Amino acid sequence: MPRIIVLNIGGMSSRQVYRQLWMAEAGDIVVSPVAIDAGFLAYVHDVLGLARNAVTVVVADGVLTDEAMCSPGLVAELRSRMAASPAWELMPAALTEGVAALAELLGIEADHGLRFAGQRGPELLNRKSHFRQLAVGAGLPVPSGAVVTSVRALATAIERHLPPTGTVIVKRDDDLNGQGNLALVAGDSAPLPGVREVRPVTDDLPALAAQVWSELADEEKVLVVESYHQAALCFYFEYLIDADGFPRYLASGTIRRRPDTEPTRPDLVWVGLELPAELPPDLAYHASTEAARIAGLAAQVGYRGHINVDALVTEAGELLFNEVNARWGGGLALHTIGERLLGTGYADRSVVSSLRDVTPMRFPDFEKALHLHDLHFQPEAREGVVVVSYDEQLASTSECVVLAASKARARAIEARLRQVVGELAEPPAGPVRVG
């Protein structure tokens, strides 16, 4: 059954949108908030072995908010495109109330997941406060912490949860990629993964709490405070909850970070993801069993679709879960590329390693360089580089994925890629955003 893939997650940059194109299959319609470069779309078709016209792209007028998805013009265009097939499936990056409304407008039968979305059900899973409530209820190991709803409660929580590690993390209730997280440290501050800023804890704790509250609290007036643990490993598990409510394991991955090469930047750079997660066998079984419990709970309350569960192992060896996202995860496109190019079960014999911090360059030059230096993915060798996404304005880094038979081989290809791109790329006109 052909699908209407709605890219209703992320912002308006080509880099954010392009990586989701890899989810498309022959006959699908992709609804994008930005125009797609024809050369890059052709590249996606070629790498995936699809005919050049196999996927149709419909460009919406701006970010795909719930209101925009249901605009008369977009609905009319989709209806005209749907005439080619009698039955369609709606596949959004995130299930929202607007997605449910769009399905109704297009005459697509509402399944259990769409009905749940129509009542804003996925919001039960995508807020950090709700995750703590559900995870504790399910018995998952989580960092000590609290859900707070006032400045006074925030100050109390900071004081209570600071001593175990000397650092607390304060999280905005609904944000992505650590953008809404602050770390408060008793002592010297240094860059920490998963936070946008690190600040010292002052003697005037009520004043500090008031300042943090004013910056992070949204209209819901809820923040999460947790003891911050240095991680020896950061990883995730991704599941797909099917129409019958069964959470099917899809993939796992390890999160890679490094210090920024610019000394004035305090944050750590997100290098990328590596699939599968490199975990000791006993830990892998234990962690996946625990993660499946929260995925099963999501299924029980009515959610259907992709869900990813984030976890870490502390330097002391303690397993902790810190987030769940009921939407497409950052590793889903990479997993899809792995399955499409290497086959089902690729994780048993291959490594899929992404790099989000590759020096930006024009895509035609990038593709040419990969072929010139024999770095492009070669099916017969089952290894090589795929350009996952890039920024047409060259204002942010490109994202690539390296496929290889081993981690060592992937690192060798990665090193060669960085050398080649570094030699060929022109210096950007201004600062380059990473991550």
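Predicted model: local features only at pLDDT ≥ 70, side-chain atom pairs only at ≥ 80, totals over all residues.
Colleague: Why is Ala-87 called partly exposed?

Modeller: Ala-87 has a relative accessible area of 33%, and because buried means under 20% and exposed means over 50%, Ala-87 falls in between and is called partly exposed. Ala-87 lies in the loop between α4 and β4, where it touches Met-1 and Pro-2, although Ala-87 and Met-1 are 86 residues apart in sequence.

Colleague: What makes helix α13 oblique to helix α14?

Modeller: The axes of α13 (residues 363-372) and α14 (residues 407-424) come within 11 Å and cross at roughly 130°. Angles over 145 degrees count as roughly antiparallel and those from 65 to 115 as roughly perpendicular, so α13 is oblique to α14.

Colleague: How do you know which class of residue makes up the contact of α13 with α14?

Modeller: Phe-366, Ala-369 and Leu-370 in α13 meet Leu-417, Val-420, Val-421 and Leu-424 in α14, and by class this contact has 7 nonpolar, no polar and no charged residues.

Colleague: What makes β5 and β8 edge strands of their sheet?

Modeller: The open sheet has 5 strands in the order β5-β9-β6-β7-β8, with mixed pairing. β5 (145-148) and β8 (197-200) each have a single partner strand, so one side of each is left without a neighbour in the sheet.

Colleague: How do you know that β6 and β9 count as paired?

Modeller: Two strands pair if at least two bridges are found between them, and 5 bridges join β6 (residues 167-172) to β9 (residues 223-227), so these antiparallel strands count as paired. Within this pair, Val-168 stands opposite Ser-227 in β9.

Conventions:
Residues numbered from 1 in each chain as written. Heavy atoms only, no water. Axes fitted to C-alpha atoms, helices over the stretch in contact; angles between N-to-C directions. Helix = DSSP H or I, 4+ residues; strand = E, 2+ residues; numbered from the N terminus. Parallel < 35°, antiparallel > 145°, perpendicular 65-115°, else oblique. Contact = heavy atoms within 4.5 Å. Nonpolar A, V, L, I, M, F, W, Y, C, P; charged D, E, K, R; others polar. Buried < 20%, exposed > 50% of the residue type's maximum accessible area, 1.4 Å probe, protein only. Lists of a residue's contacts leave out its neighbours within four places in sequence.
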